[in-house]
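I opened a new structure today and wanted to get my bearings. Here are my notes on what I looked up.

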Amino acid sequence: MTGDILRIMLLVLQLAFVAGLYLVLLRFAGSLLRDLRSAEQTQLASRSGIGRLSVLESPEDEPPAGSTIALGPINSIGRNVNNTIFVEDDFVSTNHAMLTFRGRSWYVEDQGSTNGTYVNGHRIDRPVALSFGDELTVGRVRMRLDR
Amino acid sequence: MRITWRGVEFRLLLPILLLVPLGFVITNIALTNAFEPGPLHLALGYVALIVGAHLSLVAFGHRGDQLILPAVGAMGGIGLIMLNRLPQDLAGTAALGFELGMAATQLLWFGVGTVVMLVIAIGLRDDGILRHYKYTWAAVGIGLLAATLILGYEVNGARLWIDLGPVSVQPGELLKIVLVIFLASYLAETRTLLTDARMRIGFLAIPPLPYFLPMLVLFGAVMLIAVALNDLGTALLFFGTFLTMLFVATGRRSYVLIGLVLFVAGAFVAYQLFGHVQLRVEVWLDPFADPLGAGFQPVRAIYAFGRGGIFGEGLGQGLVTLGGGLTIPYVHTDFIFTAVAEELGLLGAFALLGFSAVLVFRGLRIAALARDDFGGLLAVGLTASLGLQTLIIIAGNTKLIPLTGITLPFVSYGGSSVLASFMMIGLLLSISHRSAIGADTEAAK
């Protein structure tokens, strides 16, 4: 008789234990969902950081290879130190190219440089839209547009 | 330093801290077959430990993730309940004049691990020492392996242990962390260069080798020694962690593809060269071919899963010992998941997996919110390591893949494993603390 009571009690306690585990998991799920929602909202609120350039190859090391350059909406590239992106390379013109963010995408335009501006290995002759991951080459400097 | 009330953490910890003593009570009643709640000092010690960790984080104004400690607390609690239920003379310490049983020893290690975790989570304000000395860390890793190779002694055919007087340590567990730190630092520095694959063979982008070389040489050395030490589970874990970090750093599927091809080739070579690998695979394919010899462990594990069923045999009511010995050898380390599944059933095993999933989810979230590449990659590496380790040993237990002996983080018995896992949690907490602080200063601008 006592054995039966004991067995029933154990069963109840055991079920309570497992149910408790799932209660905890449920609470975890609630916290996870709340966090996801708030993360979504903060992301919508602040859409900062429109893109950056990763320097892949730079023989004169200015900008240094492997570095990343944070981009504003309007960026001028050239060998003149007054450019927002100053490039030290003999094959780059004084004012080489413009990299601009208009509407929702990036554009690059050659500024009449001697050696030209290349997107993914092709020389451009008019403003070209860039997507993230595209490679931009001025002179011997190779860069990639990253998010 | 300001106090931060970690309300989410507290509310999640509360039910867990009630469930651990309940588990002990059920075990005691079932084992003694009487209305005796039995000695609860271990359960209460565990509760005090977790509460202490929570209060320390609160007192030091820690802003890190609030779901990680509860998830770890739940896994550790289930582990302690299981270890308390098993015969206590399986393992233990007799140091300092005390005779401690297995569960008590594990609690002692939880204590040490928690303190180390808190020191890292609260004390590591700047990750410079991790980031800038990457070759020093690499040297430490190689040193750890070399020490194991020379000074180590074998347990079950794998040479993983170093005897340090009162305690034996497994350097491989610490190597895991050192390797992740090195890889995170190396990849954060060179990721833009590594992504730049200009050479292609067909659709396969060939990685730029000069930038890869230092990493590959070091990693290859670690893998070779791990295989030489006969520690295949750890080798698999390292490789998975490495590929995950490489993919996250570069975003190139082709690298993962190359890595997998290399893995298959390596596994094939290992199969041809080593008899014990062949044995493992044979046992995996057909454990019933030799049920009393090589297949003993997996056959017993399969039956244990079967006995457990959906609801389990009940805590303290499983068939742990049989004829004076353990039903499943190494049930407290490699096969702890099987013990959980036997006594708590499929439901309990799934709950354990759920806690592990929460940990991985939050780890990846910490990585996504990290302020810099190094922090992000470090978080990814630590999370991948913890997650993959769980995956490898559970898949081994359930005969999804050949069994390789590694521990289930926070659940298995083992001081080195517990210590290493808590160190990783400490690092994750410190990364997420820094991103929270960074977000605040940005918002204040």
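Ground rules: I'm looking at a predicted model, where local features need pLDDT of at least 70 and side-chain atom pairs count only at pLDDT 80 or more, while totals for chains, interfaces and linings use all residues. Residues are numbered from 1 along each chain as its sequence is written, and chains are lettered from A and ligands numbered from 1 in the order in which they are written.

Chain B, overall: I found 15 helices and seven strands (DSSP runs, H or I of at least four residues for helices, E of at least two for strands, numbered from the N terminus). Its C-alpha atoms fill a box of roughly 70 × 60 × 45 Å along the principal axes.

Burial: buried residues are 50% of the 445 in chain B (buried is 20 or more other C-beta atoms within 10 Å of a residue's own, with C-beta atoms placed from the backbone).

The helix pair: I then checked H12 (residues 296–308) and H13 (residues 336–369), both of chain B, whose axes come within 7 Å and cross at roughly 20° (axes are lines fitted to C-alpha atoms over the stretch in contact, with angles from 0 to 180 degrees between N-to-C directions). That is why I can call H12(B) roughly parallel to H13(B) (angles under 35 degrees).

Who meets whom: on the H12(B) side I noted B:Ala301, B:Ala304, B:Phe305, B:Arg307 and B:Gly308, and on the H13(B) side B:Thr338, B:Ala341, B:Glu342, B:Glu343 and B:Gly345 (contact is C-beta atoms, placed from the backbone, within 7 Å).

Note on methods
Parallel < 35°, antiparallel > 145°, perpendicular 65-115°, else oblique. Contact = placed C-beta atoms within 7 Å. Buried ≥ 20, exposed ≤ 12 C-beta atoms within 10 Å, placed from the backbone.
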